[in-house]
Amino acid sequence: MTTTENRPTSTPASTPQPTPMPGADVPVQAEHLTALHSSHTRVEREVTGPNGEALRVPVSRVGLTNGETFDRYTTSGPGSDPEVGLPPLRAEWIAARGDAETYEGRERNLLDDGRSAVRRGEASRAWRGERRAPLRAKDGTRVTQMHYARRGEVTPEMAYVAAREGLPVEKVREAVASGRAIIPANVNHPEAEPMIIGRDFLVKVNANIGNSAVTSSIAEEVDKLTWAVTWGADTVMDLSTGDDIHTTREWIIRNSPVPIGTVPIYQALEKVDGKAEELTWDVFRDTVIEQCEQGVDYMTIHAGVLLRYVPMTANRVTGIVSRGGSIMAGWMLAHHRESFLYEHYDELCEIFAKYDVAFSLGDGLRPGSTADANDEAQLAELRTLAELTERAWEYDVQVMVEGPGHVPLNLVPENVQMQQDWCHGAPFYTLGPLVTDIAPGYDHITSAIGAATIAMHGTAMLCYVTPKEHLGLPNRDDVKTGVVTYKLSAHAADIAKGHPGARAWDDAMSKARFEFRWHDQFALSLDPQLAQEYHDETLPAEPAKTAHFCSMCGPKFCSMRISADIREKYSAARGDDAGVAAAEADEALAEAGMAAKSKEFVELGASVYLTPEKAGAAKG
Ligand code: SF4
């Protein structure tokens, strides 16, 4: 295995530099860092793929002050100029398989960018980078990772994720073949670094971005994307609902080193001016193909919300809280017909198999309050999602299943157990869940509690929740807080599940902590900047970065210093081995003393309270 190193290619987090875009009023900025800290270096380890390809698998290597290094999983990608986009890492692997072909693609329609683009006669900030003709499977073939895995083939994508996870490639292939894991990898998103979502792998985190009719711009969304992956988002969902949906997504996909997910019903609704009853299968299908051609890797499809389930929500405290669920419920009630998503599901499977788009089967009836958790509507929909999972697998289409929502802590484990049993181990992808409803402003924490618990029990991917949940569209600070909070939940679950290597990170941090290597503690943190800022608040001087205490307990009461002193005392007095022997001898002496006292207690009648006579006799 060889390695190459890329030093951080972008600016420090505190000094974002604008990237000018011709003709734009406000330049697109993107903090596409490849490192969170000056001691982090992106290193690409070269491993050999199944066909002899050289796969360059990235890690973030942390250089420590004691001369050691620690490698962290990285999602930040190699860094890009937002106007140019990322290089097509997977293009050669896809071409070498020979089962996909380019075609003219669907005709571009200004309505793809909303009614204001139609009025203006153009989309704002059109993508000016490279445009590739779309790819799809040749007639009679399927190009999904599940298809290859079921044929017993190891793809470069599988070898890449095995190296990233530090696991055998056969474990990856077998998990993808059985449906217990997915590798979201649209053939039209070759820029993405392959990753895997499944209960036997590292728990992944999704960050939602996207504009709304009220606020945000393309520039802000591209910035949020790069910001989210810098902090560790494993996938990003573009949930745009306002203007310029198509163009915003183009910018996002071309600059994204992680898989991109969407909820296509949002864009379809924009195309019918926000009137749910005017949605049709044709509009929806066309929107799905538009997004397949652009390179969306997974799509949330609310095909499990059936007409007969809608009345089950009538007595809920918070009704239907999923946007997709409420749109489909509105359509079904307006037409009094079964969902067109359910009725045309097989056609959707055929489309997804042509591009390798994975289903994220939406939980349109998820509970929006702890009072509604695990109710009849939620579980009825889950039964249908299980049926849809098996139907997609008949087409070799990869599937994950979405889950709640708001769930009291005691009901969290059974949510994942039911999903895993009913859906035959298909990856579970949950939003939180929030374990109480009372903390707007702190819902990243409310939900991180549920997220760590549900992930420990087998949820494969967690959709982050930001402090703005229930209150407003998250800004970039909220995105960072949400991602970091969820990386924490995911890692806690990885340790609990015993993922190989997960504990090593904690051990490296604990060692740095016990040895008072403060700079290493910052470098190893999920958020190095914040950790250092907090330390600097009270002890900003450089000598404090090697001091054997911090301001929390102070020098006299630092338990770790006292503990280190005790060790030092033994080793300094007698040498390391002799020190250990002395400690063992002291321990043996203490044991003997305890045994003598125990014997005395029994001989004096085994009474807790002694009379003065007995106590005197004992002393004498
Ligand atoms: S002073 Fe207290 S908090 Fe700070 S390093 Fe020592 S034991 Fe830890």
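I started with the aromatic rings in this predicted model and counted nine aromatic pairs. One of them joins Trp281 and Phe284: their ring centres lie 6.2 Å apart with the planes at 35°, so I noted the pair as tilted.

Then I turned to Trp331 and Phe340. Their ring centres are 4.9 Å apart and the planes meet at 90°, so this pair is edge-to-face. Trp331 has a relative accessible area of 5%, so I put it down as buried. Phe340 comes out at 4%, so that one is buried as well. I found that ring pairs tie Trp281, Phe284, Trp331 and Phe340 into a cluster.

New page: helix H16. I traced H16 over residues 476–497, which makes 22 residues. From first C-alpha to last I got 31 Å, close to the expected 32 Å. After H16 comes Gly498, and its phi is positive, near 75°.

Last, the surface. I picked out a nonpolar patch made of Leu409, Tyr442, Ile445 and Ile449, with about 380 Å² of accessible area together. I placed Leu409 in the loop between strand E16 (399–403) and helix H14 (412–422). Its relative accessibility is 41%, so I logged Leu409 as partly exposed.

Notes. Residues are numbered from 1 along each chain as its sequence is written. This is a predicted model: local features need pLDDT of at least 70, side-chain atom pairs count only at pLDDT 80 or more; totals for chains, interfaces and linings use all residues. Side-chain values use heavy atoms; hydrogens and water are left out. Patches are made of residues with over 30% relative accessible area and no salt bridge: like charges are joined within 9 Å, nonpolar side chains (Val, Leu, Ile, Met, Phe, Trp, Tyr) within 5 Å. Accessible areas come from the Shrake-Rupley method with a 1.4 Å probe; for residues, only the protein chains shown count as cover. A salt bridge is a side-chain nitrogen of Lys or Arg within 4 Å of a carboxyl oxygen of Asp or Glu. Helices (H or I, at least four residues) and strands (E, at least two) are DSSP runs, numbered from the N terminus. Buried means under 20% relative accessible area, exposed over 50%, partly exposed in between (1.4 Å probe, protein chains only). The expected span of a helix is 1.5 Å times one less than its number of residues. Rings of Phe, Tyr and Trp (its six-membered ring) pair if their centres lie within 6.5 Å; planes under 30 degrees apart count as stacked, over 60 as edge-to-face and the rest as tilted.
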